[in-house]
Amino acid sequence: MIPVIAAVVAALLFAQAVVRLRRRGRGDLAGWHRVALFAVGLAVTVFALVGPLDRVADDKLLSAHMAQHVLIGDLGPALMVTALRGPLLVFFLPAPILAPLARNARVRAVLGTLLRPRVAFGLWAANLALWHVPYLYDKAAEHELLHDFEHVCWMFAGILVWTLLVDPGSHRRLSVGGRVALAAAMFAAGQILTDVLVFTFTPLYPAYNGAYGVSAVTDQQLAGIVMMVEQLLTLGTCVALLLRPRWSRARLAAAT
């Protein structure tokens with residue numbers, strides 16, 4: 001129920017941001033493609049948390065649990081942060097809420113610290129590593145509150161790194177090269193986990209014994225493949241979009 005309520009609130013905030021921006025005559029900055037991106041990101045997140053995937057992920061398939069994590073911690077945040085880039089980000093919170101937050105020195109200091117590239121990546125990597133320690137992974141599957149906290153950690157860490165990769169507020173905390181380097185570092189960190197899951201031929205997570213005719217080892221290997229493929233798609237697309245202007249300029253220079 002809580003994920004659905006949170007999704008409804010996020011949808012309403014995004015809708016009012018679009019309306020406010022269009023009333024100011026800037027419909028070009030709040031087009032339907034932005035609405036579609038945010039809607040898909042929100043739908044992906046809700047599907048992962050309350051759809052049939054959640055039931056399979058709880059205690060049946062490790063690969064389903066991994067799919068759930070990459071959807072709420074990677075794909076969902078990537079789509080929603082991309083949709084919010086530019087003035088939409090400023091209009092996302094109503095003025096009575098945004099103004100006090102913007103004036104609060106502590107809030108600005110905390111956000112500034114969290115969005116330092118080394119801090120954001122460190123938190124993301126620590127989240128990836130800690131929640132895949134077998135003991136914690138199985139405990140989260142056993143205890144609902146811990147499991148919910150795990151999901152919050154995934155979404156929080158994902159929003160941090162994707163804010164740096166997309167740079168929705170144009171704060172230029174990282175250059176294009178720095179953003180490509182961050183994407184590469186995220187993929188490299190993910191590959192470490194992927195290699196462990198794919199090339200370890202004994203089950204690491206006692207809570208998952210296989211299901212639906214899939215053995216525990218095969219399920220574990222599938223979990224690693226799920227993460228690798230999802231990272232290739234999301235981070236690969238991000239890097240391609242970041243480098244596309246440079247490739248275009250290079251082609252124009254070569255043509256002349």
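A residue counts as buried when its relative accessible area is under 20%, and as exposed when that area is over 50%. Keep those cut-offs at hand for this tour of a predicted model.

**Stop 1: the loop between H10 and H11**

Select Asp-167. It sits in the loop that joins helix H10 (144-166) to helix H11 (176-199). Is Asp-167 buried or exposed? Its relative accessibility is 12%, so Asp-167 counts as buried. Now check its backbone. Phi of Asp-167 is positive, about 55 degrees, although the residue is not a glycine. Most residues other than glycine have a negative phi.

Move along to Arg-172. This residue also lies in the loop between H10 and H11. Its phi is positive too, near 55 degrees, and Arg-172 is not a glycine either. Buried or exposed this time? With 70% relative accessibility, Arg-172 counts as exposed.

**Stop 2: His-132**

Next, select His-132. You will find it in the loop between helix H8 (117-130) and helix H9 (134-142). Its relative accessible area is 7%, so His-132 is buried. What is it in contact with, leaving aside neighbours within four places in sequence? Show these side chains:

- Met-66 and His-69
- Tyr-137 and Trp-154
- Leu-193 and Tyr-205

**Stop 3: H2 against H4**

Colour helix H2 (residues 32-50) and helix H4 (residues 62-83). H2 and H4 pack at an angle of about 165 degrees, and their axes are 8 Å apart. Angles over 145 degrees count as roughly antiparallel, so H2 is roughly antiparallel to H4. Their crossing is left-handed.

Now show the side chains where they meet. On H2, pick out Leu-37, Phe-38 and Leu-42, which are among the residues in the contact. On H4, the contact includes Leu-71, Ile-72 and Leu-75. By class, the contact of H2 with H4 has 14 nonpolar, 5 polar and 1 charged residues.

**Stop 4: H3 against H4**

H3 passes H4 in a left-handed crossing.

Which residues meet here? From H3 come Leu-53, Asp-54, Val-56 and Ala-57. From H4 come Ala-64, His-65, Ala-67, Gln-68 and Leu-71. The contact of H3 with H4 divides into 6 nonpolar, 2 polar and 1 charged residues.

**Stop 5: H2 against H3**

H2 brings Phe-47, Ala-48, Leu-49 and Val-50 to the contact, while H3 brings Pro-52, Leu-53, Asp-54 and Arg-55. The classes are 6 nonpolar, no polar and 2 charged.

**Stop 6: the cysteines**

Finish with Cys-153 and Cys-238. Cys-153 has 18% relative accessibility, so it counts as buried. Cys-238 is at 10%, so it counts as buried as well. A disulfide is a covalent bond between the sulfur atoms of two cysteines. How many disulfides does the structure hold? There are 0.

Key: Residues are numbered from 1 along each chain as its sequence is written. This is a predicted model: local features need pLDDT of at least 70, side-chain atom pairs count only at pLDDT 80 or more; totals for chains, interfaces and linings use all residues. Side-chain values use heavy atoms; hydrogens and water are left out. Axes are lines fitted to C-alpha atoms, for helices over the stretch in contact, and angles run from 0 to 180 degrees between N-to-C directions. Helices (H or I, at least four residues) and strands (E, at least two) are DSSP runs, numbered from the N terminus. A crossing is left-handed if the near helix is turned anticlockwise from the far one by less than a right angle, and right-handed if clockwise. Contact means heavy atoms within 4.5 Å. Ala, Val, Leu, Ile, Met, Phe, Trp, Tyr, Cys and Pro count as nonpolar, Asp, Glu, Lys and Arg as charged, and the others, Gly among them, as polar. A disulfide is a pair of cysteine sulfur atoms within 2.5 Å. Buried means under 20% relative accessible area, exposed over 50%, partly exposed in between (1.4 Å probe, protein chains only). Angles under 35 degrees count as roughly parallel, over 145 as roughly antiparallel, 65 to 115 as roughly perpendicular and the rest as oblique.
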